[in-house]
Amino acid sequence: MQNTRPILAWETLLDLEKDVPGARLPLRERVETALRRAIDEGRIAAGSAVPPSRALAETLGVSRWVVTEAYGQLVAEGVLEARTGSATRVAEQSGRTPLRAPSASATLTSPSGSPARYDLRPGIPDLRATPRSRWSSALRTAVAAVADHDLAAAHPYGYAPARQATAAYLARSRHAVADPERVVITHGATDGMGMLARELFRRGHQRLLVEDPSWPRLRTVTEDRGLIPVPVPVDDEGIDTSRLGALTQATGARAVLVTPAHQFPLGAALAPARREELVRWARDYDGLVIEDDYDAEFRYDRRPVAALQRLAPDRVALIGSLSKSVSPALGLGWLLLPSDVNPPVSVAPPSLIDQAALAEFITRGDLERHLRSARTRFRRRRHRLLDALATRLPDLTVSGIAAGMHLVLMLPPGSSATDVVAAAADSGLALTALSRYERTVRRPDSLVLGYGNLDDALIEEAVDRLASFLRPAR
């Protein structure tokens, strides 16, 4: 009789430094990358059982959450297979593509290696609408205009024209109190968060309050800088600010990371009373609020609310980037700091030419022209997606304000979001489970559906395909 028991790959050596070349990634992504490399190099054979999450977490010296998140992503991509009552195994696949570090904007492929036809992942803008010609023009102008002495000069906090243009943009579009001297040009929100986390750790902070659920990349970058995330529940009015005082007294945490304009991933806007309570907490406890302004430009039922930073510029640090509004490929963002936080010097600042192009792109109005066009496109796409969901899946609940580039779809009883994500990936449908973003609070199984990079012509077809993977309620 043939032995069908899987090979136990429990002793495979994973080195989170050597197995993950290049820039230091968040911890969860390093575990994902190390596992991919071990599989691609044949050190973990197809069909092998990977260690239980608790065992691998103990071996690597990481939290179990990091491992379960890494396993969940690899299952969603078809690299691993998870079956009820059985060990998680390496999928039986051939012809793997060479390993590369994962990113939020990486092209998702099905197990057959073909790109995802229906891209419903959150956090990705409309890549087809990237303003290539306008950015190219800004680059050409910037190269010609940069003074010779600036090409070799040090710009520790960013190129001055880029800082000035960014401050002016934040003042008029987000109503922020923006002094160019308080602006640091970064590679993006993750880079800005890393700078802040490093400064907080230097000041003696040990913990950071974070929304639960929330975007994991910013959580893990703080862990890599030595801070321990402390989850704070989120409801339909945003982060539960009534919990902050007690959590500060219990843990000593005096900094909090929030998404007040459009909570990710639940899609709520922070209620006015809670905005005021958040500022009071910061003043009462000598705290710092870190405002992740990731997609505040996209509001469809009203004008975007002003940045929280305007209420307390001495207590709020504002981070933002072009990653969600234009394209992650540009690798540019900003950090607007309170007066008592010294601007951190970037270890590897963005290219001077790219910063000069950013200044040109903003100053001549190209960024705002792009945003106006994107707002119109995303508003129409959201309506079309909602209509398709109402027609094909009328019994399911959709939540989230009319903003941003994603919404939340609650699945019917008896459906598993993880199973749906894994099954859909095999057919070219890229989905993400809400559980990917949760730390402690577990909500009903749901999907976070992003429509930023979804082809308009494929919306109804994508929803039809999604419906085919959902089991009806019993």
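## Exercises on a predicted model

The helices α11 and α13 cross in a right-handed way. This structure is a predicted model, and the exercises below walk you through parts of it.

**Exercise 1.** Find at what angle α11 and α13 pack, and which residues make the contact.

*Solution.* Start by locating the two helices: α11 covers residues 366-392 and α13 covers residues 459-468. Their axes lie 9 Å apart, at an angle of about 35°. Next, pick out the contact residues. From α11 come Arg381, Arg384, Leu385, Ala388, Leu389 and Arg392; α13 supplies Ile459, Glu460, Val463, Asp464 and Ala467.

**Exercise 2.** Work out how β6 pairs with β5 and with β7.

*Solution.* Take β5 first. It runs parallel to β6 (residues 228-235), with six bridges between the two strands. Here Asp212 stands opposite Pro233 of β6. Together with α7, these strands make a right-handed β-α-β unit. Now turn to β7 (residues 238-239), which is antiparallel to β6 and joined to it by two bridges. Asp235 stands opposite Gly238 of β7, and the hairpin formed by β6 and β7 has two residues between the strands.

**Exercise 3.** Decide whether Trp215 is buried or exposed.

*Solution.* First find Trp215 in the loop between β5 (207-212) and α7 (216-224). Its relative accessible area is 19%. Buried means under 20%, so Trp215 is buried.

Note on methods. Residues are numbered from 1 along each chain as its sequence is written. This is a predicted model: local features need pLDDT of at least 70, side-chain atom pairs count only at pLDDT 80 or more; totals for chains, interfaces and linings use all residues. Side-chain values use heavy atoms; hydrogens and water are left out. Helices (H or I, at least four residues) and strands (E, at least two) are DSSP runs, numbered from the N terminus. Buried means under 20% relative accessible area, exposed over 50%, partly exposed in between (1.4 Å probe, protein chains only). Axes are lines fitted to C-alpha atoms, for helices over the stretch in contact, and angles run from 0 to 180 degrees between N-to-C directions. A crossing is left-handed if the near helix is turned anticlockwise from the far one by less than a right angle, and right-handed if clockwise. Contact means heavy atoms within 4.5 Å. Two strands pair if DSSP finds at least two bridges between them. A crossover is right-handed if, with the strands pointing away from the viewer, the path from the first strand over the helix to the second runs clockwise.
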